[in-house]
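Biologist: I'd like to walk through this model with you. Can we take it piece by piece?

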Amino acid sequence: MNSIQKWILDSIKKNNSQILKSNDLSLPPKANPEELAQLYTFSALIATCMDFLIQQHWIQIQSFPLQKIQFKNFLSAYFENELRPIFFMKESLLELQLVDIQPILKLCQMMAELSITQMKCENFIFKKEFSISVLKKISDFFEHENQMLIEKNKINLPLEISLYRTFDALDAAFDLDYKQDIGMKVDLLGTERLYEGAGIGVQSGYSTVLTALRYLNPSKNSRFIDLGSGYGRVGFVVGLLRPDIDFIGYEYVPHRIDVSNKTSKNFELQDHVHFHTQDLSQIDFKIPEAEIYYLYDPFSKETYQHVLSQLVEISHRKNISIVTKGNARGWLLEISANEKWPAPLEFDNSNLCLFRSA
Ligand SMILES: C[S@@+](CC[C@H](N)C(=O)[O-])C[C@H]1O[C@@H](n2cnc3c(N)ncnc32)[C@H](O)[C@@H]1O
């Protein structure tokens, strides 16, 4: 157990089943970026795990109303799998009762929020180090989740815990203000799908981008292009973890590009992370060659056909990878069958797929 994990445990013990107010709480003084990142990731993770336990307990009571649930036995079983990333809490949690779980959930939510508030007051060098630390840590948590999902699928059971939204507050480090969409003109007759006002719901989850990056394992100095880059989350993850990669994001909506480029500059990523306002349906625009293309449900049917025909053409000259999130998979399955590409790697029940042209 490291010093931050110990600090979290001590705070939980001191809390002693009370629901605290946020001004009763203070963070370790002078936490450096790595320590604050640990505090944020573990607090956010524990909060999700506590919520999971409360839900599972409720489900068990509904399923077996006559059976008395022994809290210790109930809890122990989860430390083998779902709660493995918070194994350092096992002994302490086993001494507790169900009523203690809700206050821990609340306390950890407050600690996560406070960590983000504290990080926001720091300069960009701190924020950059904080973000890199968080991304590296949560990448391992997502991989653990991925492995659990594979095991559950083998026995046809759903995975009840999900970390997909757990670390969304990291957006604050990147100053991602989705409210900029408010007032955006909707072109009701336009053919492009711009997801006006859909905010965080239409940005790739950190889990998706980190899992894609882990399994793509791009070679040094590759180029990575996000086709319809939204507010730029994909670019920040790639740019921070792989500074050798040349990242380009193209996006139709100019104010999203402004937000993305501002963050890229603040984080001093502007040498290798670029975002451009571009309507990819334009016939005279040619998509540059790259090793990796990323598509999260961006286009209308016509634009998909136009964009994908260019990617196929490029794949005849060089090996490429195409990452799909969501429905873009359907288009790529058709293409990969026609082009005789190998079967894609699939994650998160096919929500994320990695296609390779060879
Ligand atoms: C679902 S979002 C994905 C955002 C980002 N790639 C991510 O994964 O976080 C799809 C984005 O594609 C953009 N888009 C739609 N049609 C486009 C077009 N013709 N040219 C460029 N971008 C487009 C939308 O405005 C939207 O921001």
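Biologist: Which helix is Lys120 found in?
Modeller: Keep in mind that this is a predicted model. Lys120 is found in helix 5, residues 101-120.

Biologist: And is Lys120 buried or exposed?
Modeller: Exposed, because Lys120 has 11 other C-beta atoms within 10 Å, and a residue counts as exposed at 12 or fewer.

Biologist: How far is Lys120 from Ala172 in space?
Modeller: Their C-alpha atoms are 7.1 Å apart, although the two residues are 52 apart in sequence.

Biologist: OK, zooming out. What domains is the chain divided into?
Modeller: There are two in the assignment: domain 1 covers 3-171 and domain 2 covers 175-356. Their C-alpha centres lie 31 Å apart.

Biologist: How many residues of each domain are in contact with the other?
Modeller: 16 residues of domain 1 are in contact with 14 residues of domain 2. On the domain 1 side, the touching residues split into nine nonpolar, three polar and four charged.

Biologist: Now the ligand. Which residues come nearest to it?
Modeller: Ser204, Gly228, Gly230, Tyr296 and Pro298, out of the 26 residues around the ligand. Helix 8 (233-241) and strand 2 (246-251) are the elements that give two or more residues to that shell.

Biologist: How does the shell divide into nonpolar, polar and charged?
Modeller: Eleven of the shell residues are nonpolar, eight are polar and seven are charged.

Biologist: You mentioned helix 8. How many of its residues are buried?
Modeller: Eight of its nine, and helix 8 is mostly covered. The buried ones are Arg233, Val234, Gly235, Phe236, Val237, Val238, Gly239 and Leu240.

Biologist: Let's switch to helix 10. How many residues does helix 10 have, and what does it reach end to end?
Modeller: Helix 10 runs over residues 301-315, which is 15 residues. From first C-alpha to last it reaches 21 Å, close to the 21 Å expected at 1.5 Å a residue.

Biologist: Which residues in helix 10 are buried?
Modeller: Thr303, Tyr304, Val307, Leu308, Leu311 and Ser315. Looking down the axis of helix 10, the buried residues fall within an arc of 115°, so they line one face of the helix.

Biologist: And which residues are exposed on the other side of helix 10?
Modeller: Glu302, Gln305, Ser309 and Glu313 are exposed there.

Biologist: What about the phi of Asn221?
Modeller: Asn221 has a positive phi too, about 65°, and is not a glycine either. Asn221 lies in the loop between helix 7 (206-216) and strand 1. With 11 C-beta neighbours inside 10 Å, Asn221 counts as exposed.

Biologist: Where does Asp271 lie?
Modeller: In the loop between helix 9 (254-266) and strand 3 (273-277). Asp271 is exposed because it has 10 other C-beta atoms within 10 Å. From Asp271 to Arg256, 15 residues away along the chain, the C-alpha separation is 19 Å.

Biologist: Last stop, Leu352. Is Leu352 buried or exposed?
Modeller: Buried, because Leu352 has 25 C-beta neighbours inside 10 Å, and the cut-off for buried is 20 or more. Leu352 is found in strand 7, residues 352-356.

Biologist: Which residues is Leu352 in contact with, leaving aside neighbours within four places in sequence?
Modeller: Thr208, Thr211, Ala212, Lys325 and Phe347. The C-alpha atoms of Leu352 and Ser207 are separated by 9.9 Å, and those two residues are 145 apart along the chain.

Biologist: One more: how far apart in space are Gln55 and Gly232?
Modeller: They are 34 Å apart, C-alpha to C-alpha, and 177 residues apart in sequence. Gln55 lies in helix 2 and counts as exposed, with 12 C-beta neighbours inside 10 Å.

How values were computed: Residues numbered from 1 in each chain as written. Predicted model: local features only at pLDDT ≥ 70, side-chain atom pairs only at ≥ 80, totals over all residues. Near = placed C-beta within 6 Å. Helix = DSSP H or I, 4+ residues; strand = E, 2+ residues; numbered from the N terminus. Nonpolar A, V, L, I, M, F, W, Y, C, P; charged D, E, K, R; others polar. Domains from an automatic or database assignment. Contact = placed C-beta atoms within 7 Å. Expected span 1.5 Å × (residues − 1). Arc of directions from axis to C-beta.
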